[in-house]
Amino acid sequence: MTDRVTHRRRGSHVVAHLVLGLGSLVMAFPFVWQLIMSLSTNAEVQSVTPVFWPSELHWENYAEVFDRMPFLQQLGNSVLVTVLRTLAQILFCTLAGYAFARMRFRGRGVLLGLVLSILMVPSQVYLLSQYQIIQSLGLLDSVGGLVLPGLFSAFGTFLMRTAFLSMPNELEEAARLDGANPFQIFWKIMLPLARPTVAVLAITTVLWSWNELLWPLVVTTYSERMPLSAGLATLIGDRTTDYPVVMAASLLAMAPVLVMFVLLQRRVIDGLASSGLK
Amino acid sequence: MTTSQTAPPAPARTGSAGRGGPAPSRGPRPEHTLWPWLFVAPLVAGIAVFYLWPIVQTAGYSFTETGPFGGSTFAGVDNYVALFQDPELYLSLGNTLLYTVIVLLGIPIAVGLASLLNLPGLRFAAVYRVLFFLPYVAMPTAVAMVWRVIFNGDFGILNRALAVVGIEGPYWISTPGAATAAVAVVGLWSSLGFSMIVLAAGLKSIPPELYEAAELDGATRWRQFRAITVPLLTPSIFFVLIITVIASFQVFDLLYAILGSSNPVLPRSMSLVYFFYREGFVANDKGYAAAIAMVIFLLIGLLTALQFRLQRRWVHSD
């Protein structure tokens, strides 16, 4: 009986591997193709007879990236913007999430409702005014302008509040008896307990901040002030497209996040799937 | 605003009960009532200034007319009247719908893939997960670059592959309709892994005894899939559906980066959000763009409400 079951299971695994393997190839193909093109000549990319492997590996295309676009400045902008947003969101969202979950104060329900209502509004609705605020602060084309609205997150607050809601009271009570003030209780006891959710918040913020296009496109005009996402999108406006260099630049731009993903795969996948948002 | 809340001597609802300390702890000490405000103040201030106020402001802008030098005057519902008569609204709505429908085709595919991925004892499951999820975490503008070349009419690998089977592919990214479909295929590719992982998590919560019982009854794999897996997975499918529709209705990055901002076909292949972006930040017509934003907001709200309404008909609840 069990033999038959396991036999049937194993039989179906062949089909599963066939389908999943083929699917994986389709999913990974664009990345592989991009890598191959990044090492080819422009003529090979555009040749009428397909070239599946370059006659020679042109690693110099990667060096060329730094001459064609202000790659290092854009990388610096991306890193700075992402780090600032991630740190700020962790700080502000854990503090607020904790208070909303575990402290009683007047107006808590109203404030929480207002913050969470943002989650239902698509970003276009606040984009115009955000732009005007940044413009009136004189922060267009600056790191300040790029990061500012993204320092605060309703989603992060929601995420952290949920995490703090599910924690036991005992530790808090014990610390209170020991005379710890609310900030000490939060910082020394509750925040460490929430570390897995903080990691989810950090991952979602890094991915969103690194990859997003619309906001940087709106608040920057000079390419050396752009993060990589906007820098790449405007690079292709040029008539004469040097495909191998564009592919090399794209791979370099994606690399930090892809490396992070492969290193932390389980955490990233489960975190994103459970949070339900990018 | 914050300080006024410290004044009223609110009854100590949490404090004294558990503490049982000496007299000073009776009734909230000043810092006791100030603490929550210190905790929420930075976030609430940021959200109020950069999100709540802008939402109110955009709603207001949608009733104003933007002058040639950026000044605005009250215009009632003029923007909305003009917008509903604007063929570009229906064009971009149609493109957005086409995009959404194509991306939604990924959900049944993801259901199938997730159930394969969840087979007990499947080897390399972790590898498959990573590979399917890769497009979801990759920068849209960066992957757009390779898809531009794959879809290229002259030397793209897609048309070459089609030529092998005797089909002459169109100039994907410079033909209206085909351009939207091409972008949607990339959208499907990039969201498939996410749907698959969410659905795989949903599959894990189906009790294995159900399959064992069905197996004893001689039910085939296909029958088990239809009678157990799909019905019990409907809550997860519903979640994925909601998320996918909301995200698809806001497509911008892939469209902008794959088609390219100077593409002459873009005005005919644009999505709602591109239409908004163009009016608001290229044409600088703030009032009109605000009206578009409000319409997008309304459409997404209506679609989501409709799905929650229809949900009762097909989503399994226990």
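1. A residue is called buried under 20% relative accessible area, exposed over 50% and partly exposed in between, with a 1.4 Å probe and protein chains only. By that rule A:Glu212 is buried, and so is A:Arg85.

2. This is a predicted model, in which local features need pLDDT of at least 70 and side-chain atom pairs count only at pLDDT 80 or more, whereas totals for chains, interfaces and linings use all residues. Residues are numbered from 1 along each chain as its sequence is written, chains are lettered from A and ligands numbered from 1 in the order in which they are written, and side-chain values use heavy atoms, leaving out hydrogens and water.

3. A salt bridge is taken as a side-chain nitrogen of Lys or Arg within 4 Å of a carboxyl oxygen of Asp or Glu. Over all chains, this rule gives nine salt bridges. One of them joins A:Asp242 to A:Arg68 at 3.1 Å, N to O. A:Asp242 occupies the loop between helix 13 (228-235) and helix 14 (243-263) of chain A, and A:Arg68 belongs to helix 3 (residues 60-68) of chain A, so the pair ties together parts that are 174 residues apart in sequence. Helices (H or I, at least four residues) and strands (E, at least two) are DSSP runs, numbered from the N terminus. A:Asp242 is buried at 19% relative accessible area, while A:Arg68 is partly exposed at 44%. A network of salt bridges links A:Glu64, A:Arg68 and A:Asp242.

4. A:Glu173 is partly exposed at 33% relative accessible area, and A:Arg176 is partly exposed at 34%.

5. With contact meaning heavy atoms within 4.5 Å, 108 residues of chain A touch 93 residues of chain B. The area buried between the chains is about 9,000 Å², with 76% from carbon and sulfur atoms; buried area is the accessible area (1.4 Å probe) that two parts lose on being put together, summed over both. A:Leu20, A:Met27 and A:Leu128 supply 9% of the area that chain A buries against chain B, more than any other three residues.

6. How many salt bridges are there between chain A and chain B? The count is one. B:Arg129 forms a salt bridge with A:Asp270, the closest N and O atoms lying 3.1 Å apart. Helix 1 of chain A gives the most to the side of chain A that touches chain B, with 22 residues.

7. Chain B has 15 helices and two strands, and 52% of its 318 residues count as buried. B:Arg278, in helix 14 (residues 272-282) of chain B, is buried with a relative accessible area of 18%. Beyond its neighbours within four places in sequence, B:Arg278 is in contact with B:Glu88, B:Met270, B:Ala283 and B:Asn284.
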